[in-house]
Amino acid sequence: MDRIADAYLRFITFLKTLAGVVIFCVFLLIVSDVLVRTVGLQTWQASSVLVEYGLLWFTMLAAPWLARNKAHVFIDAITQLLPAAAQRVLAKLVYLTCAFFSAVVFYYSLRLLISAIAEDQVDIRAVDMPLWALLAPIPLCFLLVAIEFLRFLLGYDSMYGSRTDVRESA
């Protein structure tokens, strides 16, 4: 079981690293597009489409790692005011809700991806791109996010434990 957990952690860490590569490529694409425009040359027609795809891809690829490391955005101001027993109950409810909705998005995005592949659908913008290229990371990453919230729900970890957040000083 430890080997499976270790391989899973390595996989979501790999996805996070891949998200960093995508962010860097988006950065390079934006900078080169601006430079080309500044010197008066014709910009590459696909750059805006690729930046939009990159935004979705790096968001999706980083999501499981962010959930695992409690680096996603959540507000716990109300839960901090509750007694410990109520905090645990509310936390379980939040974990269950997040896992459920992540699983729902996984299911429907997987159906969309399968449909896009089967029907050879195309995303028509400045350049034609296969729709599956846009949809590909969504099912996988929402499944992994659902798994992360199930880990919290089953008690392997807690969102309310130690986090890497920045707290305001008093």
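A salt bridge is taken here as a side-chain nitrogen of Lys or Arg within 4 Å of a carboxyl oxygen of Asp or Glu. The model is a predicted one, so local features need pLDDT of at least 70 and side-chain atom pairs count only at pLDDT 80 or more, while totals for chains, interfaces and linings use all residues. Residues are numbered from 1 along each chain as its sequence is written, and side-chain values use heavy atoms, with hydrogens and water left out.

By the salt-bridge rule, the count comes to six. One of them joins the side chains of Glu148 and Arg68, at 2.9 Å from N to O. This pair links distant parts of the chain, with Glu148 in helix H6 (residues 137-153) and Arg68 in helix H2, 80 residues apart. Helices (H or I, at least four residues) and strands (E, at least two) are DSSP runs, numbered from the N terminus. Both Glu148 and Arg68 are buried, where buried means under 20% relative accessible area, exposed over 50%, and partly exposed in between (1.4 Å probe, protein chains only).

Glu52 pairs with Arg125, the closest N and O atoms being 1.9 Å apart. Glu52 sits in helix H2 (residues 47-68) and Arg125 in the loop between strand E1 (122-124) and strand E2 (128-130), so this bridge ties together parts that are 73 residues apart in sequence. Glu52 is partly exposed at 40% relative accessibility, and Arg125 is partly exposed at 33%.

Then there is Asp33 with Arg37, whose closest N and O atoms are 2.4 Å apart. These two are separated by about one helical turn, because they lie four residues apart in helix H1 (residues 2-38). Asp33 is buried at 12% relative accessibility, whereas Arg37 is exposed at 54%.

On to the pockets. On a 1 Å grid over the protein atoms alone, a pocket is an open set of points where a 1.4 Å probe fits, with protein on both sides within 12 Å along at least five of seven lines; lining residues have an atom within 4 Å of a point. The largest has a volume of about 310 Å³, and its lining includes Met1, Tyr8, Arg68, Leu150 and Tyr156. H1 supplies the largest share of that lining, five residues.

The second largest pocket comes in at about 170 Å³. Among its lining residues are Val22, Leu50, Trp57 and Met129, and H2 gives the most, with five residues.

How values were computed:
Grid points are joined across faces, edges and corners, and a volume is the space filled by probe spheres set on the points.
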